[in-house]
Amino acid sequence: MSVDARDVLDDFASRPVEAAERFAGKLTAEALNAHPGGHDNSIAWLLWHTGREIDVQLAALAEVDEVWPSQGFDARFGLGKLGDTVGYGHSPADARAVVVDDAALLLDYLRATTDALRAHIRSLSPDALGDIIDENWDPPVTRAARIVSIIDDAAQHVGQAAYAAGILRG
């Protein structure tokens with residue numbers, strides 16, 4: 001049986017949002033914005049950041065517009081200029097300023113960015129996965145490696161959010 005790497009990547013890309021859907025919709029606004037253990041990154045921040053990191057990296061990789069402004073999520077979230085960032089390098093005050101009371105909005109954004117990533121994966125030829133997209137690393141980064149990195153980052157952040165949700169449930 002032959003396995004197409006694009007099918008594996010497509011399946012892998014669907015997993016973080018599926019995991020988020022299992023817990024995030026059950027959380028209150030208070031839980032979404034809580035800071036378990038006093039950490040600056042709330043569950044809302046983690047899920048917002050997950051969508052942003054997928055969005056920004058995919059836009060650069062695929063040379064497409066970000067979902068954030070093109071689908072109106074910037075206005076829907078109402079985070080101003082802070083929302084246009086990705087979250088890397090946020091100060092504690094910046095991280096705590098990302099307050100989102102609507103789990104459905106967070107999930108909508110995460111679904112939209114995941115859908116865009118999966119569409120990109122499905123649009124590629126098998127040979128395109130081996131394209132060198134960044135020669136600033138040793139070894140140089142292929143398109144497939146960048147896609148795996150995007151998905152891995154998303155999976156880790158959703159896992160952190162699920163863990164924090166579990167702490168809050170006690």
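**Close-up views of a predicted model**

**View 1. Arg52 is a buried residue of this predicted model.** Its relative accessible area is 1%, which puts Arg52 under the 20% limit and therefore in the buried class. Arg52 lies in helix H3. A polar atom of the Arg52 side chain lies 3.2 Å from the backbone oxygen of Gly83. Leaving aside neighbours within four places in sequence, Arg52 is in contact with Glu66, Trp68, Gly83, Asp84, Thr85, Val86 and Tyr109.

**View 2. The largest nonpolar core holds 47 residues.** Phe23, Ile43, Leu47 and Phe77 touch the most other members. Helices H1 (5-23), H2 (29-32), H3 (43-62), H4 (67-70), H5 (73-77), H7 (103-123) and H8 (143-169) each give two or more residues to this core.

**View 3. Ile43 and its contacts.** Residues up to four places away in sequence are not counted here. Ile43 touches Phe23, Leu27, Ala31, Leu32 and Ala34, among others. Its contacts also include Ala161, Ala164, Ala165 and Leu168.

**View 4. The search of the whole structure finds 1 cavity of 30 Å³ or more.** The largest cavity holds about 30 Å³ of space. Its lining is made up of Ala13, Pro16, Ile54, Thr114, Leu117, Ile151 and Ala154. H1, H7 and H8 are the elements that give two or more residues to this lining.

**View 5. The annotated region spans residues 21-161.** An unreviewed UniProt entry annotates these residues as "domain: DinB-like". Over residues 21-161 the chain is 58% helix and 4% strand. The end C-alpha atoms of this stretch are 11 Å apart.

Notes
Residues numbered from 1 in each chain as written. Predicted model: local features only at pLDDT ≥ 70, side-chain atom pairs only at ≥ 80, totals over all residues. Heavy atoms only, no water. Core = buried A, V, L, I, M, F, W, Y, C linked by side-chain atoms within 4.5 Å. Buried < 20%, exposed > 50% of the residue type's maximum accessible area, 1.4 Å probe, protein only. Contact = heavy atoms within 4.5 Å. UniProt positions renumbered as here; feature names shortened; annotations may be inferred. Polar contact = N/O pair within 3.5 Å; in protein donor to acceptor, adjacent residues only side chain to side chain. 1 Å grid on protein atoms, 1.4 Å probe; cavity = no way out; pocket = protein on both sides within 12 Å on 5 of 7 lines; lining within 4 Å. Points joined across faces, edges and corners; volume = space filled by probe spheres on them.
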